[in-house]
Structure formats: structure tokens, C-alpha cells
Amino acid sequence: MHEISIAGDLARIVLDAAAGNGLSEVTSVNVSFGSMIQIVPEIFKFAFGEAVKDTLAEGAEVNIEILPFKARCRQCGRESDPTGDSFNCVNCGSTDLEIVQGKELFIKSIEGE
Amino acid sequence: MEIRIMKNILDRNQNRADMVRSLMYLKKVLMVNIISSPGAGKTTLLERTCEKLCPKFSIGVIEGDITTDRDARRLERYNIPIVVINTEGGCHLDSHSISKVLDSFDLDSLDLLFIENVGNLICPSQFDLGETFKLAVVSTTEGDDKPAKYPMLFREAKAVLLNKVDLMPYTNFNLESFRSDLKRLNPNIPVFETSFTRGDGLEEWYNWLSDQVVSSVNSKASRGV
């Protein structure tokens, strides 16, 4: 249920940005989450909805982009996106991988009037 | 109108965690964030470790507990500073809650500060507390699939304690499968196969942890911090 506190932090950022830009209403919030963060979108949207109740972002749509896991092999240098629960380089099979994508928790933008 | 933000949602947590980490570095305190499922043996690990290492090092504990102080009461007899953080239902600790309780410790004299996180394998892995490293504790009764199911924790942890090895004959825990999943995620991670009731693996754990404390203090001293 880490969704609840992450949604709370997102609500704070959204409301600050809305106030700073003179918005009277936020209609959508666009975020990117890495697949390794294991966020359940439905729970996250519900939690965000609760966090912005009675604010100018109440009812805003949350658009979640899930970024798949990607890694760079420290042995052969190839970038790969191992699937399932395998963490081996698809080129040389090494397990010595550096994560280059999959741990993101980013807000990209908000939309409103 | 679209307003571009491009910001890490957990910036606030991360900034405070960075401050905590800098402070621990300056004060030469090794901070260990212990993460496991409920009932894997975190508190028993602290009991055994305090028994053995309290004479050698100055130890403190931050107990993350949802509603009670039961874990903290189990550690009272070691006469060490303990602070309980009740998360009131929250499933993890965050860096702000840690930062708020640090003034309860005499950081100048402390060598080792344990954080017993809330029992949970997903949420605590996402929140940097400013620790020196994360320690994952799993037990054989939970099954051998934990690394595969919770890759984030096992990739980021510096060591794993596989506890309750004495119960392995009574479970379908497959040690080879556990080891190979873990090796794929984190090839060089040390694994301590322990039984806190029977004593297996504990000497290796104490020695490894002592080395971590000593090298943390020495490396900083040599840099003149």
C-alpha cells in the first residue's frame, strides 16, 4: 500500500504547481512509473482521488505510463529488457546488470484551466 | 493548458534521506535498514545481535511498529537507546519520521543504528531512509520465491539473512532455487543461512556486521571526516 503515501506526495506537488501557475482547476495529471516500483494503478488512482478531495484537483484524471524494466550489461555493454523474472543479459547471459529504467516515479505534467 | 513538471514524486523523501545519510557519514554511524515480511525474525535478529555485539559497539534501535511497542519492549533489557515510531497503520517508514527521532540518540557515541522497518517486502523498499545499507531478512517458512517476487528489495540489499533454516525439513523450501534466483538479481550478495533458535550462521553474521562497522569508521577517519 505504498500507493497511498506516494499519492499523497503527488497531490502536494500537483497542488503546488497549480497554485504557482494560477490554475483554478486541474483536469489531468500525467505520471510515469517504473515497473519495478510495483504500483497497482487502480489503488494509486483511488488513493490520489482521496488525497485531492475538496481541492482544485478533485476529480482530475490520472494517466499512468508504466516504464518497462531495462538494464545495461556491465560485461558486454548491451542494453536489454529481460522479461519475466529473469535478470540475465539477453546478449551474453551475464547477471551483472545496471538498471537504466524501471525505478521511476515521475510526474511529467498537469493539465488544467 | 499543460504545465510540464518532470520531477521525482518522492523528491521530498529523497532530499531528507540524503540529509540523514550525510549526517550519519559525519557522525560515523552505520545505519542498517532491516526489511522483511512480518514474522521473519527481525526482532529476534536484533536480540541476538545486541546480546553479542553490545559490549563491542554502541548500538541504538529505531523500531517501526504499526501500533504497539512490543518489539521495543523485547529489547529493553539490553539497556540501549530505543525509539518507537508508530506508523498508525502506515506500511513503511519514511525519511522524515527517521530524521525527527535522530535527536533522541547521542550520535557522537553511537556506532551502529538499526532501523527495524514495518514488516512488508514492497513498500519499505521504495523509501530511502538515509541508511548505509538495506538488509533483507527472509525465512524458510515463507517459501523460496521471495527474491523472484520482490526483485527491488533483493537487488538493493547489501546482504540477505535466510532465517529458520532449522525448519527447512518441514517445508517445501528449495534452497537451490532460492540461491539461483538471488544470484540472478544480485550476483555477489552475501547470504547468511541462520537459525536464531539453534544458532546456525550467527557467528558469520556477527563477524560480517562487525567488519562493516569497523570499515565504515576507518574509511571515514582516513579521509579526515
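Student: What should I know about the model and its numbering?

Tutor: The model is predicted: local features need pLDDT of at least 70, side-chain atom pairs count only at pLDDT 80 or more, and totals for chains, interfaces and linings use all residues. Residues are numbered from 1 along each chain as its sequence is written, chains are lettered from A and ligands numbered from 1 in the order in which they are written, and side-chain values use heavy atoms, with hydrogens and water left out.

Student: How many salt bridges does the structure hold over all chains?

Tutor: The general idea comes before the count. Side chains of opposite charge can pair when their charged atoms come close. Here a salt bridge is a side-chain nitrogen of Lys or Arg within 4 Å of a carboxyl oxygen of Asp or Glu. Over all chains there are 22.

Student: Which parts does the pair Lys27(B) and Asp108(B) tie together?

Tutor: These two side chains meet in a salt bridge at 3.0 Å, N to O. Lys27(B) lies in helix H1 (residues 11-27) of chain B, and Asp108(B) in the loop between helix H4 (95-101) and strand E5 (112-116) of chain B, so the pair ties together parts 81 residues apart in sequence. Helices (H or I, at least four residues) and strands (E, at least two) are DSSP runs, numbered from the N terminus.

Student: Is Asp108(B) buried or exposed?

Tutor: Buried means under 20% relative accessible area, exposed over 50%, partly exposed in between (1.4 Å probe, protein chains only). At 61%, Asp108(B) is exposed. Lys27(B), at 30%, is partly exposed.

Student: Where do Arg74(B) and Glu47(B) lie?

Tutor: Their closest N and O atoms are 3.0 Å apart, in a salt bridge. Arg74(B) sits in helix H3 (residues 70-75) of chain B and Glu47(B) in helix H2 (residues 42-53) of chain B, so this pair ties together parts 27 residues apart in sequence. Arg74(B) is partly exposed at 34%. Glu47(B) is buried at 9%.

Student: Which residues are linked in a network of salt bridges?

Tutor: Lys103(A), Glu131(B), Lys134(B) and Glu156(B).

Student: What is Gln126(B) in contact with, leaving aside its neighbours within four places in sequence?

Tutor: Contact means heavy atoms within 4.5 Å. With those neighbours left aside, Gln126(B) is in contact with His2(A), Met36(A), Ile37(A), Leu10(B) and Met152(B). Gln126(B) is found in helix H5 (residues 123-126) of chain B.
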